[in-house]
Amino acid sequence: MRQWMAEYAVETRKGPVLFNESFYLPTEDHVRSEIVKNGGYVIAIRPYERSPIERWLARSSYWQIQLLRAIQFRSKTNSPGVALWKLIQTEDNPSRQNILAPAKEGLSRGMGIIFALKSLHIFDHSTMAILAASERSNKLMEGIPHAIENIKMKRKNSAAIFGTVAWLGFDIFTIVQAMIWGRKPVLGWFNDNKPTEPDKLAEFELIVGRLELLWDVLIIVAVGMGAFLGWTILSYWNNRGKKDWPTARIVRSLPLIGGYMRDIGFADSCSAGARMLRGNLQVAEMLEQASEATNVPDVSQFWLDSLEDLNRGIPLGSSMDREPMTKQERMEIAGLSDLNQVASVLEAIAEMRTQGSKSKHALIVWGAFAMTGAYLFLAFGSAIYALTVMNMSMDSMVNNLLGSM
């Protein structure tokens, strides 16, 4: 399914009338058939790509919260699907109309509100899992505040990480700028003012060579890390909503960061699973939906493997007793004797994983500070080291001056 923009004509009593309309259908042939079925003549069909402004607006957490609050407010007198339809009908901003076009198309074909919201591709997996679980329990009105709180929490975490990275990046950027702009004048001055004594000249050239090599390594490392960080941020922004792609696999392979993302994924999926069970959803369906509540493949596969074992007749406690759950979590799951306890255990696991993610987040921040401190120590240390080299040149100049006098 994707969005298409079609230009077509419809014959009327006053002559042909041109229309430009957005369609959310699988292929161009489906769009053509839909237009012909409505009595139109196709002029042009093209796949629609969102502009940078529309992509930024769609991925803005502020706009996502406003959309959910508008649905919640209008659902007091209508069903959620009708509330979303009326909201789309009253939207007069062209950019937002293009963003909401897939939902409009889905609702017009009788699809539910969850399908319509998924077609927008603006909410992350955990938010959609909360909404889907609430809708399946016929408690969507109660689930929207939880979804809004989830968006706010992720925005807060993202802001904290972004602030830390921005501050550390600014420090390194200023040091690297000073090294890049000062490298040529300083090394040039050293080469123009070499000592004349043979023993000091050899020592001088060795020290200057090491200093030049150190500065080159520091500059290359900083530029490489900056390029990798920028590429990672852009990749996550462009692939938001996907479960797996090359950049995500590279980031998950980092020891501490991989564990942090796994904890977040478990917390989101366990919380969504507990909410579904509280709404009297069947366990098998809960396991399937919980796998969609996270974009971490390891966590998603855990729920699917548990579902497979459950369908083979293995008890729920034993089917969920597997990696990547911790020993303590396995003990709680294996001790299940009543399905009514499952929701409570999942909520407890979600709480433990949330606390674990906070601890890992703190370690990541302090680790970044430590690595930045080590880099700054090398940069400042090399600058102080350069002063000793300058003293050697100055001593040689003074001795030459005194000798000539």
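Author: In this text a residue is called buried when its relative accessible area is under 20%, exposed when it is over 50%, and partly exposed in between (1.4 Å probe, protein chains only). The structure is a predicted model, so local features need pLDDT of at least 70 and side-chain atom pairs count only at pLDDT 80 or more, while totals for chains, interfaces and linings use all residues. Residues are numbered from 1 along each chain as its sequence is written, and side-chain values use heavy atoms, with hydrogens and water left out.

Reader: What makes helix H6 count as largely enclosed by the rest of the structure?

Author: Helix H6 covers residues 113-120, and because 6 of its 8 residues are buried, the helix is largely enclosed by the rest of the structure. The buried residues of H6 are Ile113, Ile114, Ala116, Leu117, Ser119 and Leu120. After H6 comes His121, which has a positive phi, near 55°. Helices (H or I, at least four residues) and strands (E, at least two) are DSSP runs, numbered from the N terminus, and the protein has 16 helices and 3 strands.

Reader: How do you know whether Met225 is buried or exposed?

Author: The relative accessibility of Met225 is 54%, and because this is over 50%, Met225 counts as exposed. Met225 lies in helix H9, which runs over residues 198-238. Together with Leu213, Val217 and Val221, Met225 makes a nonpolar surface patch of about 380 Å².

Reader: What kind of aromatic pair do Phe228 and Trp231 form?

Author: Rings of Phe, Tyr and Trp (its six-membered ring) pair if their centres lie within 6.5 Å, and planes under 30 degrees apart count as stacked, over 60 as edge-to-face and the rest as tilted. A search of the whole structure finds 4 aromatic pairs. In one of them, Phe228 and Trp231 are 6.0 Å apart centre to centre with 55° between the planes, and this pair is tilted. Both residues lie in helix H9, 3 residues apart, about one turn of the helix. An α-helix has 3.6 residues a turn, so residues three or four places apart point the same way. Phe228 is partly exposed, because its relative accessible area is 31%, and Trp231 is partly exposed at 42%.

Reader: Why is the pair of Phe302 and Trp303 called edge-to-face?

Author: The planes of Phe302 and Trp303 are 75° apart, with 5.2 Å centre to centre, and because 75° is over 60, the pair is called edge-to-face. Phe302 is buried, because its relative accessible area is 1%, and Trp303 is buried at 0%. Ring pairs link Phe266, Phe302 and Trp303 into a cluster.

Reader: Which residues have the most contacts inside the largest nonpolar core?

Author: A nonpolar core is a set of buried Ala, Val, Leu, Ile, Met, Phe, Trp, Tyr and Cys residues joined through side-chain atoms within 4.5 Å. The largest one has 29 residues, and those with the most contacts inside it are Met286, Leu287, Trp303, Met320 and Leu346. At least two residues of this core come from each of helix H7 (125-136), helix H11 (255-278), helix H12 (283-290), helix H13 (297-311) and helix H16 (342-404).

Terms used. Patches are made of residues with over 30% relative accessible area and no salt bridge: like charges are joined within 9 Å, nonpolar side chains (Val, Leu, Ile, Met, Phe, Trp, Tyr) within 5 Å. Accessible areas come from the Shrake-Rupley method with a 1.4 Å probe; for residues, only the protein chains shown count as cover. A salt bridge is a side-chain nitrogen of Lys or Arg within 4 Å of a carboxyl oxygen of Asp or Glu.
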